[in-house]
2 protein chains.
Amino acid sequence: MNLEEVAKLAGVSRSTVSRVVNGDHRVSTTARARVQAIIEQYNYHPNAAARSLASSRSRIIGLLIPHAVNQIFRDPFFPVMIQGAVEACSDADYNLTLLMETAADARITSDRLYQRVIRGRHVDGLIIASSVVEDPIVARLQSEKFPFVLVGRHPRHEVSFVDVDNRSAAREAVTHLVDHGYRRIAMISGPRNMIASIDRYAGYVTALQEAGRLPEAELTIYSDFTRRGGYRAMNELLANPGGLPEAVFVASDAMASGALQALRDSGVRVPDEVAVMGFDGLEETLVSRSILSTVMQPTSEEGAEAVRVLLQLLDSPESAPIQRFLPTRLSLRRTCGCNRDEEFEMTAVNATIEGELDV
Amino acid sequence: MNLEEVAKLAGVSRSTVSRVVNGDHRVSTTARARVQAIIEQYNYHPNAAARSLASSRSRIIGLLIPHAVNQIFRDPFFPVMIQGAVEACSDADYNLTLLMETAADARITSDRLYQRVIRGRHVDGLIIASSVVEDPIVARLQSEKFPFVLVGRHPRHEVSFVDVDNRSAAREAVTHLVDHGYRRIAMISGPRNMIASIDRYAGYVTALQEAGRLPEAELTIYSDFTRRGGYRAMNELLANPGGLPEAVFVASDAMASGALQALRDSGVRVPDEVAVMGFDGLEETLVSRSILSTVMQPTSEEGAEAVRVLLQLLDSPESAPIQRFLPTRLSLRRTCGCNRDEEFEMTAVNATIEGELDV
DNA sequence: TTGTAGGCGTTATCAA
DNA sequence: TTGATAACGCCTACAA
């Protein structure tokens, strides 16, 4: 069943059927009705390839997971972000294909991917998940004027992106710790080459400076955004001969979860001996009622918004880069030192909930 | 740059260029060389849409995440499985598009998806992640003879799938617990409508029966495969007036992790008071050296194998359903009661590692 | 508002 | 081994 046959059955031309299918308004009511009846009767659906070929748009968006990010693909951030992206695509009748630079040989596979997918016009545009600073693909796409949107800003290129203001958010979070009165504030950071890490660290430094302090080198531990990495990083801090910090700002909830575990294993009370602040707002997916104070970011919305921005770009290819910052929100629960009373209340009311709270 | 232009520049016909591009051997060495030189010089890549239209194959595979599974998309099983699928696709020069039945209105969105993607011939075949028993899509695809492969078997339909033998694996795991001498063995199961849950439960029951016992109703808790669900389920078991079970078989590592947390929060010693056995082999992604005894399944390989099976199906559409079981392996670490000595050793050697071991 | 007709860039079938 | 040529199914001026 194709346009031609529908046209014949409805007693109109292919063009008219095409117009009906594409919602063109220049069709008489009667013609439209006849066509639609046939379409439904025969359950006609236009052929995607033919459409792509004729319109030179595939209605497919590629979501690229750079190799550097591959390893932390298990981080709940990605599934949630992808979910948002898929849904936004679906809403616009687009499809999303997953492109991952495989570990085997990043250089070769990514080039092969690039050629096949970009040059073959397989996708109309690209969304790049959490790029790393030195990733060459950004410059390449830009110079070829291929439409793309980063999830996470890029420091060196004027490109479209969707991000949260990591720096401000981190600054706010650390300032909150300062306001609690903590003086020695450590940070467990993400990888040095990821832009989100850099920005969150910058916010940490800014907040300290505004409080009239300087960051101490041994109070910053670089880790990898994983729970396991957070566990290790916190143990490093615990082993610091300079003594315990009063608070720790951790650049992801997964790491914060590991850090809390390390503290518990060492018998260090939170927040009494060490306060903890996370970043992500995803920990609630792991425990039902987290006690972790954290920076909430709209993860799924970041994926969805990236898609919307890309669609806009596809509509007007000559437009200037579109850059959007989505809002974050400080979620003050218990590990930062807030809500101590509430803790008691809940413990008294229901031991189970109290237990769950404890990460 | 297209076939035509390449042909002109190489002084051959379009057909010859097409043959070169597609690796057809019926081309003279000289012609091939000339064509390849031009292709490389001009960086020509065939247009995907035109290819699809002419060959009526899109070289795209759809990966469907059913709505029921959506909620547990955060489970590390899915990212890892998907990663395997994407890589296998990439190896075969296929692309993978992600199809998710969105929460909004599962019935409507999934139908819309179905029409657009299946009828529009957008994808050549489908991989369905962890189907639920009552999912109608299986019957539908089958009756329309659309190629698809399930990740996880289906009890009521003769269809192609890739799975592990959940029942045997669970039986083996529980038998191991029996062999340790534990008598009251509980189970924390997944959702009742997921086939993997059902099979793992069946294996549990079989193992008990073989040990001359019957499962007790209050010793089976149905949960949802999440860490949080496992936490709650374990607390239910702890509240059981019949007293603590001696061992618990947990149907996923995520739930097992939550269960261990619950035990720790209640001050119950593992494995001395309660032994624990998990299922997945993914917990190692969350902690560096898990102490969790578990059933390891080749998660990434399940995704990859599903793709390979699907490609085979595409090659010979009339072939009978292909059903593959991938091997599992019992990983005996500490929570089942094995390796008590090793525990001591590691503790003595390195407190950090010992700490990490503790979930 | 409708229809005609050319073209999108391949693959595939023949005949040479 | 090569080359014409006809699909593939749709979109899109352009003309009516």
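## The sheet of chain A

In chain A, an open sheet is built from six strands, arranged in the order E7-E6-E8-E9-E10-E12 with mixed pairing. Its edges are strand E7 (220-222) and strand E12 (329-331) of chain A, each of which pairs on one side only. On average, and with direction ignored, neighbouring strands of this sheet are turned by 15° against each other. The model described here is predicted.

Strand E9 (residues 275-280) and strand E10 (residues 293-296) of chain A run parallel and are joined by four bridges. Within this part of the sheet, Phe279(A) lies opposite Val295(A) of E10(A).

## A helix packed on the sheet

Helix H12 (residues 253-265) of chain A packs on the sheet, where it touches strand E6 (185-189), strand E8 (247-250), E9 and E10 of chain A. The direction of H12 makes about 155° with that of E9(A).

## The surroundings of DNA strand C

DNA strand C is surrounded by 26 residues. The closest are Ser28(A) from chain A and, from chain B, Leu3(B), Ser18(B), Ala50(B) and Ala54(B).

The most is given by H4(B), which supplies five residues to the surface near DNA strand C.

Technical notes:
Residues numbered from 1 in each chain as written. Chains lettered and ligands numbered in written order. Predicted model: local features only at pLDDT ≥ 70, side-chain atom pairs only at ≥ 80, totals over all residues. Near = placed C-beta within 6 Å. Helix = DSSP H or I, 4+ residues; strand = E, 2+ residues; numbered from the N terminus. Pairing = 2+ DSSP bridges. Axes fitted to C-alpha atoms, helices over the stretch in contact; angles between N-to-C directions. Contact = placed C-beta atoms within 7 Å.
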